[in-house]
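Here is a short walk through one protein and its ligand. Keep the sequence and the 3D view side by side as you read.

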Amino acid sequence: MMIGITGTPGTGKTAVAAELERRGHRVVRLTDTVRPYIIEEDSCRETLVVDVDRWVEEFEPVDGIVEGHLAHLLPCDRVIVLRCRPDVLAARLGPRNYPSEKIAENVEAEALDVILIETLEEHPDEHVLEVDTTDLAVAECADRVERFVRGELPPSCGAIDWSDYLGAGP
Ligand SMILES: Nc1ncnc2c1ncn2[C@@H]1O[C@H](COP(=O)(O)OP(=O)(O)O)[C@@H](O)[C@H]1O
């Protein structure tokens with residue numbers, strides 16, 4: 001079974017995947033797989049532009065967890081969308097030395113549910129779990145992923161509304 005863990009940068013994908021790996025799950029980090037598909041480096045936004053279509057087409061399915069903000073574009077059997085309240089997300093991204101436009105862009109994308117919407121364009125609701133990491137410990141997020149994958153936690157998405165944070169960037 002291929003499990004995708006996706007979310008806006010700063011929502012906790014790396015931390016949750018590391019915890020799941022520590023618990024014995026196989027984890028593939030998408031940053032390790034996109035290198036051959038980079039089209040250009042957008043130095044202003046410190047962002048790599050990837051040929052996403054070709055990357056998706058050539059991705060070897062994994063029996064385990066795939067972690068990264070493009071994971072929901074893969075034919076995953078289950079997708080976990082990590083979320084974080086936009087003001088807390090801005091604080092988490094603060095120490096990363098991102099240009100302020102990139103922080104604002106990510107905070108806005110989170111407030112607009114961009115990754116969730118993209119996920120639901122690719123996957124049925126029954127395969128999707130949203131986890132709000134704002135006030136949760138990393139271990140609790142990892143527990144929820146495990147319980148969802150085992151069928152012990154029902155799918156759930158769409159309950160989050162962060163539209164009040166639109167335009168309230170850092
Ligand atoms: N419940 C949580 N789940 C995951 N990360 C969390 C959680 N609470 C706080 N964090 C922190 O949020 C920060 C960003 O997490 P990171 O895993 O780097 O995000 P991403 O990989 O999505 O960019 C880290 O410092 C992480 O420890």
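Does Asp113 count as buried or exposed? Asp113 counts as buried, because it has 21 C-beta neighbours inside 10 Å. The cut-offs are these: a residue is buried if 20 or more other C-beta atoms lie within 10 Å of its own, exposed if 12 or fewer, and partly exposed in between, with C-beta atoms placed from the backbone. Asp113 is found in the loop between α4 and α5 (114-122). Its backbone has a positive phi of about 60 degrees, although Asp113 is not a glycine.

A word on the source. This is a predicted model, in which local features need pLDDT of at least 70, side-chain atom pairs count only at pLDDT 80 or more, and totals for chains, interfaces and linings use all residues. Residues are numbered from 1 along each chain as its sequence is written. The protein averages a pLDDT (the predictor's confidence in each residue, from 0 to 100) of 94. Of its residues, 96% score at least 70. The model scores ipTM 0.96 and pTM 0.95. Where pLDDT is low, the predicted coordinates should not be read in detail.

Now the overall fold. The protein has six helices and seven strands. Helices (H or I, at least four residues) and strands (E, at least two) are DSSP runs, numbered from the N terminus. From that end on, the elements run β-α-β-β-β-α-β-β-α-α-α-β-α. The radius of gyration of the protein is 15 Å, close to the 15 Å that the globule rule gives for 170 residues, so the protein is as compact as a globular protein of that length. That radius is taken over C-alpha atoms, and the rule is 2.2 Å times the number of residues to the power 0.38. Along the principal axes, the C-alpha atoms fill a box of roughly 40 × 35 × 30 Å. Buried residues make up 36% of the 170. Contacts come next (two residues are in contact if their C-beta atoms, placed from the backbone, lie within 7 Å). Among contacts between residues at least 6 apart in sequence, 79% join residues at least 24 apart.

Turn to the strands. Strand β1 (residues 2-7) is largely enclosed by the rest of the structure, because five of its six residues are buried. Two strands pair if DSSP finds at least two bridges between them. β1 runs parallel to strand β5 (residues 64-67), and four bridges join them. There, Met2 stands opposite Gly64. Five bridges join β1 to strand β6 (residues 78-83), again in parallel. Gly7 has Leu82 as its bridge partner in β6.

Follow β6 onward. Six of its six residues are buried, so this strand is mostly covered. Arg78, Ile80 and Leu82 point one way from β6, while Val79, Val81 and Arg83 point the other way. β6 also runs parallel to β7, with five bridges between them. His127 sits in the loop between α5 and β7 (128-132). With 19 C-beta neighbours inside 10 Å, His127 counts as partly exposed. Not counting residues up to four places away in sequence, His127 touches Asp77, Arg78, Val79 and Pro155. His127 and Val79 are 48 residues apart in sequence and 6.2 Å apart in space, C-alpha to C-alpha.

Two further sites are exposed. Asn97 lies in the loop between α3 (86-93) and α4 (100-111). Asn97 is not a glycine, yet it has a positive phi of about 65 degrees. Asn97 is exposed, with 9 other C-beta atoms within 10 Å. Gly167 belongs to the segment after α6. Gly167 is exposed too, with 10 other C-beta atoms within 10 Å. The C-alpha atoms of Gly167 and Arg54 are separated by 34 Å, and the two residues are 113 apart along the chain.

Finish at the ligand. Which residues come nearest to the ligand? Of the 15 residues around the ligand, those are Gly12, Lys13, Thr14, Ala15 and Thr133. A residue is near a molecule or strand if its C-beta atom, placed from the backbone, lies within 6 Å of it. α1 (13-22) and α6 (138-149) each supply at least two residues of the shell. The largest share, four residues, comes from α1. By type, the shell divides into seven nonpolar, six polar and two charged residues. Here Ala, Val, Leu, Ile, Met, Phe, Trp, Tyr, Cys and Pro count as nonpolar, Asp, Glu, Lys and Arg as charged, and the others, Gly among them, as polar.
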